[in-house]
Amino acid sequence: MSMRRRAILLGLTFAAAVLVLAGALAVLAPSVSTPSAGEGARSGVVTLREAYQEHHSGLQVEARGEVVRVLPDDNEGSRHQRFILRLSSGQTVLIAHNIDLAPRLEGLRVGDTVGFFGEYEWNPEGGVVHWTHRDPGGDHLDGWLEYRGQRYR
């Protein structure tokens with residue numbers, strides 16, 4: 001084989017290896033794009049649907065939903081304001097918002113819209129979202145609720 005053919009073959013082999021490596025890195029690299037608030041809520045609904053179907057827990061999720069039921073506060077241990085949201089997918093989730101660490105959503109009613117960022121825990125009824133507040137110990141991601149244009153942490 002001539003020197004020129006070897007150089008071309010070596011060059012093509014190198015180019016192919018670079019393309020394969022670049023493709024592998026693109027698959028392994030985390031996405032750096034940040035979705036808009038609406039896109040984040042939509043992708044959160046998909047994440048919640050999949051977590052429910054696959055019985056996953058411990059996931060940080062962001063979404064929004066319509067209040068379908070306001071429940072009495074849970075006053076055992078840390079006090080929690082509790083309400084059920086229906087997501088755009090039809091799935092319902094219980095929100096358990098620690099009111100010893102964050103302000104209560106005053107005036108919350110059926111039909112209101114609430115956005116949230118917290119930790120999802122699976123259960124047969126659709127799941128629970130908690131950690132919708134700041135972590136005073138700094139060991140957990142801070143969560144929040146959004147209601148009537150205000151963010152509650």
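Author: In this text a salt bridge is a side-chain nitrogen of Lys or Arg within 4 Å of a carboxyl oxygen of Asp or Glu. The model is predicted, and local features need pLDDT of at least 70, side-chain atom pairs count only at pLDDT 80 or more, and totals for chains, interfaces and linings use all residues. Residues are numbered from 1 along each chain as its sequence is written, and side-chain values use heavy atoms, with hydrogens and water left out.

Reader: Why is the pair of Arg 151 and Glu 146 called a salt bridge?
Author: The N to O distance between the two side chains is 2.4 Å, and the cut-off is 4 Å, so the pair qualifies.

Reader: What makes Arg 64 and Glu 146 a salt bridge?
Author: Their side chains come to 3.9 Å, N to O, which is within 4 Å and therefore counts. The two residues are 82 positions apart: Arg 64 belongs to strand 1 (residues 59–74) and Glu 146 to strand 6 (residues 144–147). Strands here are DSSP runs of E with at least two residues, helices are runs of H or I with at least four, and both are numbered from the N terminus.

Reader: Why are Arg 64 and Glu 146 called partly exposed?
Author: Buried means under 20% relative accessible area, exposed means over 50%, and partly exposed is what lies in between (1.4 Å probe, protein chains only). Arg 64 has 38% and Glu 146 has 23%, so each falls in the middle class. Arg 151, at 36%, is partly exposed as well.

Reader: Where do Asp 73 and Arg 104 lie?
Author: Asp 73 is in strand 1 and Arg 104 is in the loop between strand 3 (92–98) and strand 4 (113–121), so the pair ties together parts 31 residues apart in sequence. At 24%, Asp 73 is partly exposed, and so is Arg 104, at 26%.

Reader: How many salt bridges are found in the whole structure?
Author: The search finds six.

Reader: Why is Gln 91 called buried?
Author: Its relative accessible area is 11%, under the 20% limit, so Gln 91 is buried. Gln 91 lies in the loop between strand 2 and strand 3.

Reader: What makes Gln 91 and Arg 49 a polar contact?
Author: A polar atom of the Gln 91 side chain is 3.3 Å from the backbone nitrogen of Arg 49. A polar contact is a pair of N or O atoms within 3.5 Å; within protein, one must be able to donate a hydrogen and the other to accept it, and residues adjacent in sequence count only if both atoms are side-chain atoms. Leaving out residues up to four places away in sequence, Gln 91 also touches others, including Leu 48, Tyr 52, Tyr 120 and Gly 126, where contact means heavy atoms within 4.5 Å.

Reader: What makes a set of residues a nonpolar core?
Author: The set consists of buried Ala, Val, Leu, Ile, Met, Phe, Trp, Tyr and Cys residues joined through side-chain atoms within 4.5 Å. In this protein the largest such core has 20 residues, and Phe 83, Val 114 and Phe 116 have the most contacts inside it. At least two residues of this core come from each of helix 2, strand 1, strand 2 (80–86), strand 3, strand 4 and strand 6. Among the residues that Phe 83 touches are Val 67, Leu 94, Leu 108, Val 114 and Leu 145.

Reader: What is the phi of His 55, and what is that of Trp 131?
Author: His 55, not a glycine, has a positive phi of about 60°, and Trp 131 has a positive phi near 60°. Most residues other than glycine have a negative phi. His 55 sits in the loop between helix 2 and strand 1, and Trp 131 in the loop between strand 5 (128–130) and strand 6. Trp 131 is partly exposed at 24%.

Reader: How many helices and strands are there in the protein?
Author: There are two helices and seven strands, in the order α-α-β-β-β-β-β-β-β from the N terminus. Of the 153 residues, 31% count as buried.
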